Amino acid sequence: MSGFSEDMPFFDEPNARPAAAPSGIAARAMAARSGQNGAPDYLKGLNPEQRLAVETTEGPVLVLAGAGTGKTRVLTTRIAHILATGRAFPSQILAVTFTNKAAREMKQRIGHLIGEGNVEGMPWLGTFHSIGVKLLRRHAELAGLKSDFTILDTDDVVRLIKQLIQAEGLDDKRWPAKTFAQMLDNWKNKGLGPDEIPEGDARSFGNGKGRQLYKAYQERLQTLNSCDFGDLLYHPIRIFRAYPDVLKEYHRKFKYILVDEYQDTNTAQYMWLRLLAQRPHAGRSASSDSAEGRKPDRASEPLRGPRGGPAPAGAEQPVSVNICCVGDDDQSIYGWRGAEVDNILRFDKDFPGATIIRLERNYRSTAHILGAASHLIAHNEGRFGKTLFTDRDDPEDDKVHVHAAWDSEEEARAIGDAIEAYQRQKHNLNDMAILVRASFQMRAFEDRFITLGLNYRVIGGPRFYERLEIRDALAFFRVVANSGDDLAFERIVNTPKRGLGEATIRQIHDTARAMRVPMLEAAATLAESDELKPKPRAALREVAANFERWQKALETTPHTELAETILEESGYTDMWKNDRSADSPGRLENLKELIRSMEEYESLRSFLEHVALVMDAEQNAEQDAVSIMTLHSAKGLEFETVFLPGWEEGLFPHQRALDEGGRSGLEEERRLAYVGLTRAKKNLHIWFVSNRLIHGLWQSTIPSRFLDELPETHVDVADGGNSYGGYGNPYGGGAFASGRGGGRQNPYGASRFDNVGAKDQGSFSNTYATPGWQRAQANRTEATDRNWGTRSGHQVERIGYGETDSGYGAGRTSVKGRTIEGELVAKSVADTPSAFNVGDRVFHQKFGNGNIAAIDGNKLTIDFDKAGQKRVLDGFVAPV
DNA sequence: CGCTCCGCTGTTTTT
DNA sequence: CAGCGGAGCG
């Protein structure tokens, strides 16, 4: 496949030193050096720490780069510096990132520094995975593959595993393929082969057949000439270990290694890096080849080879460990998918004598924002500890605002208003973002913004290449490009429907296995035999003929044209044209877009490789729009104005993180909060609500503990307009929630924004000052810590946010019928779980009075006098 | 073989 | 409440 073709010849360059540097770069370097005091232009404007990070080219270097301290700049300048000073050729630099976006940005920025042309010669700048593919294509045969192997996506993997589970005679619903796929992924993330996985893991799946399944899976991949994402790292690691000569070639090759976002590396990536960064002969010691132990093992295993000393006798060319890792332990938010913060914390032990450089001067945010973020993150243990600072000292700068809202609808409304207020002050929507913890929160904002006619953009929604129609289309292309791609073939034999059901497919499958040929070929054979009934036979014959024709056309027809033909002739386009569902026009549009995007690639094959590795399609960032995205996808971005809604216990920190991750789970949530805070340059607004609709039920919530961890000096607690006063009063004049929010007049004047923080209509202007809130804080330590985090609730199916049976109520009427609006009332609900009967008259804080219409466990359906019928948990209503 | 209905399960996401 | 997957029926 391609990706290969554009490769440069491999060991082409001499192991030469600067003098032999290509003239282009040398010339550039000369020019660059022309500044006064001898410093090249590209070094200008760097602060001393940044400059040190750039110029310390030799030996291991860890750059601890706090948020907004110019991390990418350091990385790119460092590469430019290495190139410009002739320390290495572009092809001798290995630069790894996690995302394609980061790789793209790096390429671009290096290009700006040293000229576009020079970057093209950097074939080893890319994601871990793309570099992994490259290595694997070169040495495929050492992993039992051919160099044109296919990369399977998760969808394929799950289907394949399902087949294997069934083949083992296991019940595939008792042992879901998806679960096993995740286990596999975890193992591979740790660099564990079938024989190295923990016994317990192996036993826990499929009646103890975990290991067996793993083996079967790898074998199957091999016969399919395929590999999964994990293999892209895992195979190279194996190859490096088993073939020291191969590894040695790369040692010779890569003079400088750079790693971005080091805090996100998982164990496999760590091993991969270490193998490459270690000195030549140290690659395969007995210990590193055996079943890989846990962290302590590796951590204590010293790097081999004399540091700075003479090369060991016999070693040809000593390769120094010029590895530079850049990262921020405080921004490690991917622990749940295998990232090991430990990797970064352990750096100086892994690479003795490492230079550690801290970048703490922040160029992004105001002092208030920085102060808030630093104070919050200081609550974490086990960090390197950095203190971000800024010279910025503008009394005009706003403090960080904390707002309260009655419920998520009001939260969306208020944020919408705030955005419009900023807009009136000539702020661009592009400079504003709403960062949520969980994607279900986005909906409220979308709804609101649609009614307002406010442009918004959701980042990180369903990916282009993951859509059904795109995957189908790609499956056709894959079979054409590689007739051995059985998984793709299976996906589309019967698409559009041509009466080829499970039975026929099984038969094709069996024939293929028996004949040891791809399914397509087996299908062709079957179609000519009389083993099938006429109908499937005809269908199959057509399919086979189609593919044969398309495969021939592959050599002669331009690939975009061919792609179109395939979709037409297969009937796929017609299938959607005849589909009358609402989304079919969109799907057709997507198919067109797919074809359009193919134009940039030389061939069908190179396009397919791109798709396998780069699952994202460019977003059109043209028009002015507010961004809505998760905190996770916001990492690395910055905005003038940031809104952080949903700071409530259970949502943020997320209950599940707490349940499953314990203390470290909480710390990761806190880092996530830190990431959120540090995205803001000037304006930062945090929100929490008292009531949230979760899984269709209204639940009370209490403010996030993270709010307590913000320093008062940098925070301004505003009422969100009127959350706890004014119109929010459910008893007032019946102005309370009518559900859809319609009919309520906008409580904010045109200058609503001016009112933030101002005294309000005599209610709770400062939520923190509320006696109830303070009491809640006091209680929380016991109540929360004891009750949150366990799922032992008896009556309660789901402990959502807020209280259930855990004896903790927020913002609700007290049991005695006394109401303290907006107050958090500790209570004990442990008594009588559902002491209600149909027909009972009850009171609910949000909806007022009503009658119980139905009872389902602890869920009540209530006909409210004013709010209509709602479903609520019994804990939230009191008898009248 | 394909369609419909029921029931279950609800973070975060890259490659 | 909503989206998905499995079971079961025509």
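**View 1. The lining of the largest cavity, sorted by residue class.** In this predicted model, where local features need pLDDT of at least 70, side-chain atom pairs count only at pLDDT 80 or more, and totals for chains, interfaces and linings use all residues, the lining of the largest cavity has eleven nonpolar, two polar and nine charged residues. Here Ala, Val, Leu, Ile, Met, Phe, Trp, Tyr, Cys and Pro count as nonpolar, Asp, Glu, Lys and Arg as charged, and the others, Gly among them, as polar. The volume of this cavity is about 260 Å³. Closest to its centre, of the 22 residues that line it, are I151, R478, L608, V611 and A612. Two or more lining residues come from each of β4 (150-151), α7, α21 and α29 (604-613), and α21 gives the largest share, five residues. Helices (H or I, at least four residues) and strands (E, at least two) are DSSP runs, numbered from the N terminus. In total, the structure holds twelve cavities of 30 Å³ or more.

A word on the method: rolling a probe the size of a water molecule over the atoms shows where empty space is left. On a 1 Å grid over the protein atoms alone, a cavity is a set of points where a 1.4 Å probe fits but cannot get out, while a pocket is an open set with protein on both sides within 12 Å along at least five of seven lines; lining residues have an atom within 4 Å of a point. Grid points are joined across faces, edges and corners, and a volume is the space filled by probe spheres set on the points.

**View 2. The second largest pocket and its lining.** This pocket has a volume of about 670 Å³. Its lining counts 24 residues, and Q163, E490, E502, I505 and R506 lie nearest the centre. By class, these lining residues are eight nonpolar, six polar and ten charged.

View 3. Helix α4 covers residues 100-114, and its 15 residues should span 21 Å at 1.5 Å a residue, in agreement with the 21 Å between its end C-alpha atoms; the expected span is 1.5 Å times one less than the number of residues. Buried in α4 are A103, M106, I110, G111 and I114. Seen down the axis, the buried residues of α4 fall within an arc of 135°, so they line one face of the helix; the arc is that of the directions from the helix axis to the C-beta atoms. On the face turned away from the buried side sit the exposed residues Q108 and H112. Buried means under 20% relative accessible area, exposed over 50%, partly exposed in between (1.4 Å probe, protein chains only). Just after α4, G115 takes a positive phi of about 100°.

**View 4. The surroundings of DNA strand C.** Around DNA strand C are K162, K173, R443, H695 and G696. A residue is near a strand if one of its heavy atoms lies within 4 Å of it. This surface divides into no nonpolar, two polar and three charged residues.

View 5. Y572 belongs to helix α27 (residues 572-577) and is buried, with a relative accessible area of 0%. R274, in helix α13 (residues 267-277), counts as buried at 6% relative accessibility.

Residues are numbered from 1 along each chain as its sequence is written, chains are lettered from A and ligands numbered from 1 in the order in which they are written, and side-chain values use heavy atoms, with hydrogens and water left out.
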